[in-house]
Amino acid sequence: MAYSAPVATTAARRATSGYRAVAGPALLLLLIAGFFWRITLTYEFDWMWEPDLAMQVLPWFEEEARQAQRAEFPLWDPTTWAGQPMLAQGQPGAAYPLNWLLFLVPRHAGHINSEALQWYFVMIHYLAALFCYLLCRDLGLSRSASILGGLVFALGGYIGTTRWPQMLNGAVWAPLVFLFLLRAVRGHRPWASSALCGLCLGMSWLSGHHQAPLYITLAAGLAWIYYSLRRRSAKLVMLAVLSGVLMLATGALQIIPMIEYGRLAKRWISAPEPVTWNQPVPYIVHRDFSSPILSVFGLVIPSVHGYTDPFLAAVAAGGFLYSLGSHDIFQGFLYSVVPFLEKARTPAAAICIFSAGAAVLAAFGFDQLPALSHTKTGTRAASIVGGLGVLLWMTILFGLAASTAVSSFIEPYGAAGFFALIAAATLFAWHNGAITSRTVTALLFGCMLMELGNVSGSEFGDRNDYAQMAILRKIHDDQDIADYLERQQRPFRIEMETDELALNWPEYHHFDGLKSALASLTLNATDMEVHVPSYRSLWNVGYTIGRETAMPDAQAVFQGRSGRKVFRNPHVFPRAWAVHRIVPVQKVPDGQALIRDHLEDLHDQAFVEGAAPRDWKLAACGGDNISITGYEAERVVLRAAMACDGAVVLSDMYYPGWQAFVDGKPVAIQQVNLAMRGVAVPGGVHEIRYVFRPKPVLLGAILTALGIFSACIIALRRTPGSALSDEAKQTS
């Protein structure tokens, strides 16, 4: 009984500590959800209204969700260009865990639930805010300052103004990478911290897009090098190596397949011509995607003194300098000497590094506000903020005097000037003792959120605005045409012959398409002359959609309410058929000519580039029957009744990783007809089974599992004396 009071007191303290620990993250969630009220509290707005989002990202997500809900991992996309790797492309984000949660949400009317999609966007920003909040708290900042830092990172800068989820998902991990890197450097459980730093970097790579992960990796790598050289510490070198190994292992599920795909694909980079893996992204592209030099005038440089962290100041400065691109020799030097860095074509995206550093510096500054009260420095700070507001308003007045046409362009700057004046008035009132510290905090938070709302909280498409929804309509429209095609016997492909619908319309509505909008494409697919009607016929394009068609002899079989029609192609080839002759061609143009000028001959023959396969023993006969008994994204099953020895052609894209089995026995797949798959099949009735089992994915999955497991084991393992105090580490 004597110990009951102390025990109760201890329990109460633990409960109070637990409440405080979750209070900040919970408040952040409420603030982020409230900030995005347009998509969380109403159904009038949509964040996926911009062209790339509506016509690329949304169809990707739809196909990935369909496969995930069939208990399939989205490795292959059969709906674009006769089949393309899904995971290996990177940008679809098939390897990213947050995406898995979205894909597993029950669908509505055959599509991703719209509400879930809006909250997915919100949760990306919440994770960014939470991770930056944790970094600020780990640096000893107050809860209020940490919340401010989290909001600045999540709602402003790169995270606040970028809409592509594959880019956002990579950038949100920057604060945690720096958190654990700084812990390791300070000596706080260095091995565990180093492991978690690598784990977070690996998670950034799993997001899919390489740009933000490359910049975060560069920043972390330079930090490891700096601290290792400054302290001449072999231990720090080993910690850096551990972090790098675990980064590569954790991100391997995305990195390894992406490298294989990169070597076999062309990438469109806003240059006159696409580039292959061995061709660097030209520096002229980096120049075109650099931040304008005038952006320096948009910076407010915090004072760096003993109360801030010089590392974060260096991170912010380095990220901003790199983002200047061609305006900064520093970026050009790194472009030239750092392997693979040139593949991140947008130097301006390095502002994600600046955003992380600047957000923490803002939090440091907020925590120093009490020290400025009733001081000349505080008065000067208020005067500077007010002066900036007045300067903005004067600039706006001069701009309007010159031309009223600029009113819509300068409107956000007017709001910034107004909130700067409010902030200055708040600081003056606080300096004179007219308001309390809590009131100052509330007013400054309010000004910040309102200003951020003008930058990133209002860029949503209004579903009631017909013009704004034009791009989404290109994906959503013509459901009656989709319903008609759904009733037709599959498999078949669709070709879009209208600009009124998106090229990726088939993928969104779960039909196989030929031509579609992608950022990159396998090399063999680029050999296809898809604008030529004979190519479309050979590649199983059974239907075209448009108001008219260039397909010879095509017949209109359905007209939708929009007036657009469905045309049936009478010359379409089946998805799979048998041939009994192989024709060698010397080069790709020879094969292209065969398809253009001798299409009918390809009903009984196929061509290969180079010599015909020696182990293919083909006989001349007719009467074969090839039928498809199973067709899934990563699995195709054919029934082949062969009158004599021959080969079966499947008009799906040839790509490493596909394996073929005839009656359960593995057989080699030959690339035929430029990019199709062909296998030799003896006479008689046989089952042909194709499965997509790429070795890079298997290796990547094993390494990712090992990386996550190893990082967790190292992080959870405590050894005596493993945690050095910060003071002791600084002394050393």
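**Patch, Sheet and Disulfide**

User: What makes Leu-222, Ile-225 and Leu-229 a nonpolar patch on the surface?

Analyst: Together, Leu-222, Ile-225 and Leu-229 have about 310 Å² of accessible area (Shrake-Rupley method, 1.4 Å probe, with only the protein chains shown as cover for residues). A patch takes residues with over 30% relative accessible area and no salt bridge, joining nonpolar side chains (Val, Leu, Ile, Met, Phe, Trp, Tyr) within 5 Å and like charges within 9 Å; a salt bridge is a Lys or Arg side-chain nitrogen within 4 Å of a carboxyl oxygen of Asp or Glu. The model is predicted, so local features need pLDDT of at least 70 and side-chain atom pairs pLDDT 80 or more, while totals for chains, interfaces and linings use all residues. Residues are numbered from 1 along each chain as its sequence is written, and side-chain values use heavy atoms, without hydrogens or water.

User: Why is Leu-229 called exposed?

Analyst: Leu-229 has 62% relative accessibility and is therefore exposed (exposed is over 50%, buried under 20%, partly exposed in between; 1.4 Å probe, protein chains only). Leu-229 belongs to helix 11, residues 211–231 (helices are DSSP runs of H or I of at least four residues, strands runs of E of at least two, numbered from the N terminus).

User: What makes strand 15 and strand 19 edge strands?

Analyst: Five antiparallel strands form an open sheet in the order 15-16-22-18-19. Strand 15 (625–632) and strand 19 (665–667) each pair on one side only, which places them at the edges.

User: How do you know that strand 18 and strand 19 pair?

Analyst: Pairing requires at least two bridges found by DSSP. Strand 18 (residues 658–662) and strand 19 have three, in the antiparallel sense, and Val-662 stands opposite Lys-665 in strand 19.

User: Why is the link between Cys-621 and Cys-644 called a disulfide?

Analyst: The S to S distance of Cys-621 and Cys-644 is 1.8 Å, and a disulfide is a pair of cysteine sulfur atoms within 2.5 Å. At -95° about the S-S bond, the link of Cys-621 and Cys-644 is left-handed. Cys-621 lies in the loop between strands 14 and 15 and Cys-644 in the loop between strands 16 and 17, so the link ties together parts 23 residues apart in sequence.

User: Is Cys-621 buried, partly exposed or exposed, and where does Cys-644 fall?

Analyst: Cys-621, at 27%, is partly exposed, whereas Cys-644, at 14%, is buried.
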